[in-house]
Amino acid sequence: MSPLNDPRTLHPKIAPPEQTQPHPGLDRDLEPQADIGLESYQGNGRLKGRRALITGGDSGIGSAVAVAFAREGADVAIAYLPEEEPDAQRIVKAIEDAGQKALALPGDLCELEQCRKIVDETVQAFGGLDILVNNASRQIWHEGIENIPDEDFDATMKSNIYSSYRVTKAALEHMEPGSSIIFTSSIQAYQPSPTLLDYAMTKAAMNNLSKGLAQELAPKGIRVNAVAPGPIWTPIQPSHGQPQEKITSFGQSSSLGRSGQPAELAGAYVFLASDEASYVMGETLAVTGGTPTP
Ligand code: NAD
Ligand code: MG
């Protein structure tokens, strides 16, 4: 039997039914369910003893990263919005089932105080902080710039850029040489959709911040990188992240012909967090199903 797995069929080509959830959306209510690696991810001690904080670690990509980090031997704190408690509890259990410490940090990262609080509580619970994943983001689609309400624009900037900047700043007070910071950018940083103008500009900003910070922090022994996902099936999409007509064919125009699953992202984050990436800084790792990034 061939030992190969064909990437075209390793995960199913899904055609989700029309569906809407209130923002921020729940993995629990996604149809079909997303694969976050609960059945498949096998750790190998690559993050043994590390202490990680993942914003938006309750669902989607962040939850797949949380599961993988824990199975690689890290204690993992997840920050999320209070409405997402059911998803968060599933991930807390998965981290604990891996034999690691879990910390649940509900709260709104648009608030300055919350950004500092999640760092302080992680350091208090785990005795330090070695890996930060700036992954929380808000994505609400609008038809045209004139239809983006000012309050929506503000909330997207605050959830995505302000929070990443503030959490990073607070985390750096605690990070030692060998630590790693990873931003979740997007293919949207390079190829913005006209329906996602505000979101796409935040993804470009996060990518840019990761490259500038990488240069500042390399001489201090702290590595900074980013991951740019393509279309991944997560609750961000049906909770006003895309128009309905894009949900039913979601991801099918990628070179692979299917959307990605959160589980397919975990390896990229584990690599960037681990010592295997000791000479990798200021990189954006594209996980796009074939769509090129410059
Ligand atoms: P997701 O909805 O599962 O995760 C986003 C998380 O962001 C939420 O779970 C929520 O906890 C958090 N969040 C948003 N606003 C917040 C706030 N104000 N305070 C606290 N937490 C907040 O969806 P996902 O697709 O896994 O998104 C994770 C990251 O991946 C995001 O940065 C997103 O931009 C990025 N991304 C996703 C895709 C995709 O196709 N799904 C593509 C490219 C990039
Ligand atoms: Mg969520």
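These exercises cover cysteines, salt bridges and surface charge in a predicted model.

**Exercise 1.** Find how many disulfides the model has, and explain the result for cysteine 110.

*Solution.*
- Start with the cut-off: the two cysteine sulfur atoms must lie within 2.5 Å.
- Take cysteine 110. Its closest cysteine sulfur belongs to cysteine 115, 8.3 Å away, so the distance is too far for a bond.
- Cysteine 115 is in no disulfide.
- The count is 0 disulfides.
- Now check burial. Cysteine 115 has 0% relative accessibility and therefore counts as buried.

**Exercise 2.** Determine which parts of the chain the salt bridge between arginine 90 and aspartate 27 ties together.

*Solution.*
- The closest N and O atoms of this pair are 3.6 Å apart. The cut-off is 4 Å.
- Arginine 90 sits in helix α2, and aspartate 27 in the segment before β1, so the bridge joins parts 63 residues apart in sequence.
- Arginine 90 is partly exposed at 30%. Aspartate 27 is buried at 2%.

**Exercise 3.** Do likewise for aspartate 130 and arginine 51.

*Solution.*
- Their closest N and O atoms are 2.8 Å apart.
- Aspartate 130 is in the loop between α3 and β4, arginine 51 in strand β1; the pair therefore ties together parts 79 residues apart.
- Aspartate 130 is buried at 12% relative accessibility. Arginine 51 is partly exposed at 21%.

**Exercise 4.** Locate the patch of negative charge that includes Glu245, and classify the exposure of this residue.

*Solution.*
- Glu18, Glu143, Glu146 and Glu245 form the patch on the surface.
- Glutamate 245 belongs to helix α6.
- Its relative accessible area is 59%, so glutamate 245 is exposed.

How values were computed: Residues are numbered from 1 along each chain as its sequence is written. Chains are lettered from A and ligands numbered from 1 in the order in which they are written. This is a predicted model: local features need pLDDT of at least 70, side-chain atom pairs count only at pLDDT 80 or more; totals for chains, interfaces and linings use all residues. Side-chain values use heavy atoms; hydrogens and water are left out. Buried means under 20% relative accessible area, exposed over 50%, partly exposed in between (1.4 Å probe, protein chains only). Patches are made of residues with over 30% relative accessible area and no salt bridge: like charges are joined within 9 Å, nonpolar side chains (Val, Leu, Ile, Met, Phe, Trp, Tyr) within 5 Å. Accessible areas come from the Shrake-Rupley method with a 1.4 Å probe; for residues, only the protein chains shown count as cover. A salt bridge is a side-chain nitrogen of Lys or Arg within 4 Å of a carboxyl oxygen of Asp or Glu. Lys and Arg count as positive and Asp and Glu as negative; His and the chain ends are not counted. The place of a charge is taken as NZ of Lys, CZ of Arg, CG of Asp or CD of Glu. Helices (H or I, at least four residues) and strands (E, at least two) are DSSP runs, numbered from the N terminus.
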